[in-house]
Amino acid sequence: MNASLVIMAAGLGSRYGGSKQVDGVGPNGEILMEYSIYDALRAGFNKVVFIIKPEMEEMVRQLCGDTVARRTALDGRPVEVAYAFQDFSSVPSFYHIPAERTKPFGTVHALLCAADVVHEPCCVINADDYYGIDAYRTIYQELTQLPPEGKATMVGYLLKNTASLHGTVSRGVCTVEDGKLRSVREALKVQLYADGTLRDLAEDRSLDPDTVVSMNFWGFTPSIFPALRTYFEEFLQNEAGENLKAECLLPVMVDHQMKTGALEVSVLHSADKWFGMTYREDRELVRQELLRLHEQGVYPPSLRK
């Protein structure tokens, strides 16, 4: 089966303080995207799509894009590599972009920018997260069973394993029943405390550490793109306005699609541990985790050979 790994890497990384998507944290300077690609290819994916800012293309090609294009997928064919660009040129002309805005329009817009190059079932991920090989194997198998329309999937993680002691994070808090996603609520300021408790500071409410959350590990078929376009245009018409930081987010869009009956989403679970870099202080923990995985033989000494 043809299946693409779609990597959202155009974010500014403002809380991290730089381009965390291309920060070399592996033993040989590997970036987190390289682990995602390595795991996805050995799970069966045969195409990689980078969603980046236009000015990042040469850097991403040199870091990993050109190397990936020389690899062979499990089916024996060369891995296909494509690039999609998230910038303001793809925003509909009816919307006036505020002159002071520099922030991208969020993950719905990011995935929509890849519509012209994704023609197969796809797994959509963040560039700055580590999901693990089991997650890719699990979602690949589910993608092989999805009908062309009406269904999607996601891998869920426990909230207590995805927050940071170094500041607040944004998480899609999920309600799951009988293996199906029933709702997603975007919690914008989740704070983890040293005693293990969690709180949504934006809404001043405590959160169950074992709550399932979305880490933007989605599985879609190409039929999602018309829905993305419609939702994004409605967002621009009704919510964006002059707000310089307004974002159109995938978890919120998926929740809307479910509520209208247009989409059913299965929730999968992974045996692997998620980790990522939201703040610069997270970097050392990620570095240590990756080194441990290399030492355990989960990964070869270098991903670049």
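1. A cavity here is a set of points, on a 1 Å grid over the protein atoms alone, where a 1.4 Å probe fits but cannot get out. Grid points are joined across faces, edges and corners, and a volume is the space filled by probe spheres set on the points. The model is predicted, so to speak of local features takes pLDDT of at least 70 and side-chain atom pairs count only at pLDDT 80 or more, while totals for chains, interfaces and linings use all residues. Residues are numbered from 1 along each chain as its sequence is written, and side-chain values use heavy atoms, with hydrogens and water left out.

2. One cavity of 30 Å³ or more turns up in a search of the whole structure, and the largest cavity holds about 50 Å³ of space. Its lining (residues with an atom within 4 Å of a point) consists of Glu34, Ile37, Leu63, Cys64, Thr67, Val68, Arg71 and Arg304. Helix 1 (32–43) and helix 2 (57–69) are the elements that each give two or more of these residues; helix 2 has the largest share, with four. Helices (H or I, at least four residues) and strands (E, at least two) are DSSP runs numbered from the N terminus.

3. By class, the lining of the largest cavity divides into four nonpolar, one polar and three charged residues. Ala, Val, Leu, Ile, Met, Phe, Trp, Tyr, Cys and Pro count as nonpolar, Asp, Glu, Lys and Arg as charged, and the others, Gly among them, as polar.

4. Now for an open site. A pocket is an open set of points with protein on both sides within 12 Å along at least five of seven lines. The second largest pocket contains about 290 Å³ of space. It has 20 lining residues, and the closest to its centre are Asn161, Ala163, Ser164, Asp282 and Leu285. Strand 7 (169–177), strand 13 (275–276) and helix 7 (283–295) each supply two or more lining residues, and helix 7 gives the most, three. The lining has eight nonpolar, six polar and six charged residues.

5. Strand 1 (residues 4–8) is worth a look, as five of its five residues are buried (under 20% relative accessible area, with a 1.4 Å probe and protein chains only). Ser4, Val6 and Met8 cover one side, and Leu5 and Ile7 the other, all of them buried. Strand 1 runs parallel to strand 2 (residues 47–52), joined by five bridges, and Leu5 has Val48 as its bridge partner there. Strand 1 also pairs in the parallel sense with strand 4 (residues 122–126) over five bridges, where Ser4 stands opposite Cys122. Pairing requires at least two DSSP bridges between two strands.

6. A nonpolar core is a set of buried Ala, Val, Leu, Ile, Met, Phe, Trp, Tyr and Cys residues joined through side-chain atoms within 4.5 Å. The largest such core has 49 residues, of which Ile7, Phe45, Phe50 and Tyr136 touch the most other members. Helix 4 (residues 133–143) gives the largest share, six residues. Another core, of 44 residues, lies apart from it and includes Val6, Val124, Cys174 and Tyr231.

7. Finally, two backbone angles to check. Asp178, in the loop between strand 7 and strand 8 (180–192), has a positive phi of about 50 degrees although it is not a glycine. Asn216, in strand 11 (residues 212–220), likewise has a positive phi, of about 55 degrees. Asp178 is exposed (over 50%) at 77% relative accessible area, whereas Asn216 is buried at 11%.
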